[in-house]
Amino acid sequence: MNIAVLGAQWGDEGKGKIVDLLTPHVSIVARYQGGHNAGHTVYVKGQKFVLHLIPAGILHPGVTCVIGNGVVIDPHALFAELDELGRHGVEAGDRLLISDKAHLILPYHRELDLLAEARRGERKIGTTSRGIGPAYEDKIARRGIRVGDLVDRAALAEEVRENVEARNHLIGGSALDWRAVLDDLLTLGERMRPWVGDVSLFLAQAIREGRPVMFEGAQGTLLDIDHGTYPYVTSSNASIGGVCTGLGVGPRAIGGVLGVAKAYLTRVGEGPLPTELTGAMGDRLRDTGQEYGASTGRPRRCGWYDAVAVRYAVRINGIDALALTKLDVLDGLDAIQICTAYRLHGRLITEWPSDTALLAACEPVYETLPGWEAPTKGVRRFDELPAAARQYIARLEEVSGVPAAIVSTGSDRDETIVRDDSVVGGWLTARPRR
Ligand code: IMP
């Protein structure tokens, strides 16, 4: 069975760790959307790796990592990451495949991202300033430059000249020299060439041969361009549909869907967050959970677990089970709240409002559960968790509508509970480590 691992909240759910944990059981890890706005932090034997574009699978020898056509690639960021991995003794070699159809983030995209945010003023999105939105804009407007264009030089010069000149007009001030951009791209293209290929064909052949694939999402369902809190979203499909469009695989290739959710909630950037905690409790979660962006270092907004939001993510993605992360961050609290419904204009609602303005008007309805004294940090067996922590998880499962197959109790690979009787437990048993 191939498995998709994606975010069930607003990103930063700890997908990197879960992907890393499951990677020994697959042959291929394929990233389907987003760009270097993502930051997947993985700790291996105390060593911290932050990956932005390259799937965390790269840390496992023998695993092939795929970057699909749905991803937008800043070639400088890609090579910075490959160089950093190289310094830690991790070589991509022939284990990396980049879609020739993936679009590129060029210098003017970053400028345009900053400019658009400045123009929005009060209504800014709070983007990562990586040029993600403008690169996807060019893709949809059919004027983007793709990885394949770099290795096939014929039309490139003309396309770069047209694009740069049009953007210089918009950006004003520090005009870019299109020839310099072109030269840079040609050098980068040469370096990228060995890794460029037909991702859809590669995956089809691998799946036919029975090589298991993990589809790795970036950001989260509530940041999805279609199903998230528009316009406070990223510019790609972080939810399940992105797997098919972003890699060129059919829906039946996706065997199971694992949603990753924090045992509480965070969000970076602007937009509604009904369970947001702005006082001392928010600070407590931020400090204990080290809730600062892996890519930008921005402090994350923190709040209680929102079951309405997770139920919505379960519906949108067809999530089979959850990987619940950062349970240990709640250690030592007297009481913990779970949002199970919203109050909207005096009415109780249990379903996620489709309209972002309505969501902004929602007030959370909480249930209070007792906290636990004994630490959960590093616990590896479910029955060794404090009773109140087990009760908390059981209630989260009930109100979210799916079981928690994995519970993460710390940042290291080993600090994890995989429940044997769960979908993932069964999958792992059926699929021994390579
Ligand atoms: P963009 O993807 O840089 O355009 O940013 C759009 C929104 O998505 C902003 O609110 C960002 O903070 C958010 N965002 C983008 N990438 C991530 C991520 O990896 N984790 C969490 N939030 C993200």
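**Close-up views of a predicted model**

**View 1. F215 and its contacts.** Setting aside neighbours within four places in sequence, F215 is in contact with N2, I3, A4, V5, A30, Y32, V243, L247, V249, A253 and I254 (contact means heavy atoms within 4.5 Å). A quick note on what you're looking at: this is a predicted model, where local features need pLDDT of at least 70 and side-chain atom pairs count only at pLDDT 80 or more, while totals for chains, interfaces and linings use all residues. Residues are numbered from 1 along each chain as its sequence is written, and side-chain values use heavy atoms, with hydrogens and water left out.

**View 2. The largest nonpolar core.** This core has 55 residues, and F215, L247, Y305, I319, L327, L330 and Y392 touch the most other members. Helix α13 (residues 387–400) supplies the largest share of this core, 6 residues. Another core, of 42 residues, lies apart from it and has A77, Y108, L112 and M192 among its members. A nonpolar core here is a set of buried Ala, Val, Leu, Ile, Met, Phe, Trp, Tyr and Cys residues joined through side-chain atoms within 4.5 Å. Buried means under 20% relative accessible area, exposed over 50%, and partly exposed in between (1.4 Å probe, protein chains only). Helices (H or I, at least four residues) and strands (E, at least two) are DSSP runs, numbered from the N terminus.

**View 3. Around the ligand.** The ligand is surrounded by 15 residues, and the closest are D12, N37, T128, T234 and R298 (a residue is near if one of its heavy atoms lies within 4 Å). Look for a polar side-chain atom of T128, 2.5 Å from an oxygen atom of the ligand. R298 has a side-chain N or O atom 2.9 Å from a ligand oxygen atom. For V268, a backbone N or O atom sits 3.1 Å from an oxygen atom of the ligand. The protein covers 96% of the 470 Å² of accessible area that the ligand has on its own (Shrake-Rupley method, 1.4 Å probe).

**View 4. E270 in its loop.** You'll find E270 in the loop between β12 (265–267) and α10 (280–288). E270 counts as partly exposed because its relative accessibility is 35%. Beyond neighbours within four places in sequence, E270 is in contact with K124, I125, G126, Y232 and R301.

**View 5. E397 in helix α13.** E397 is found in helix α13, and with 18% relative accessibility it counts as buried. A polar atom of the E397 side chain lies 2.6 Å from the backbone nitrogen of A404. Leaving out neighbours within four places in sequence, E397 is in contact with V402, P403, A404 and R419.

Technical notes:
A polar contact is a pair of N or O atoms within 3.5 Å; within protein, one must be able to donate a hydrogen and the other to accept it, and residues adjacent in sequence count only if both atoms are side-chain atoms.
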